[in-house]
Amino acid sequence: MANVLHGLEAAVPPLRRLGLADRFEPTLEDRRARLTQRYVDGELSEHQFETALSELLDEEERRVPTVEVERDREPEREKERET
């Protein structure tokens, strides 16, 4: 359902303001629980489970926003002041 809503939001930009696709998209925790359940039910081999879990964790890391700490920017400001 989330994929359909993403498509609609792309086709009709005003729909993006509603954020429906994000509301219906399963969370990473939901996806991890479903993956674990599939492994427990025997639908996935250990290798398949570990591969899929690794991909899921990689995706999770990419989604975490990096927060720029103000003190990390200080050397950049010093360089700007010098020029």
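pLDDT is the predictor's confidence in each residue, on a scale from 0 to 100. The structure here is a predicted model, so local features need a pLDDT of at least 70 and side-chain atom pairs count only at 80 or more, while totals for chains, interfaces and linings use all residues. Residues are numbered from 1 along each chain as its sequence is written, and side-chain values use heavy atoms, with hydrogens and water left out.

The protein averages a pLDDT of 79, and 73% of its residues score at least 70. Its fold is simple to list: five helices and zero strands, in the order α-α-α-α-α (DSSP runs numbered from the N terminus, with helices being H or I of at least four residues and strands E of at least two).

Of the 83 residues, 13% count as buried (under 20% relative accessible area; exposed is over 50%, partly exposed in between, with a 1.4 Å probe and protein chains only).

One aromatic pair turns up in the structure. Rings of Phe, Tyr and Trp (its six-membered ring) pair if their centres lie within 6.5 Å; planes under 30 degrees apart count as stacked, over 60 as edge-to-face and the rest as tilted. With centres 4.6 Å apart and planes at 20 degrees, the rings of Tyr39 and Phe49 are therefore stacked. Tyr39 belongs to helix α3 and Phe49 to helix α4 (residues 46-63), so the pair ties together parts ten residues apart in sequence. Tyr39 is partly exposed, at 32% relative accessibility, whereas Phe49 is buried, at 13%.
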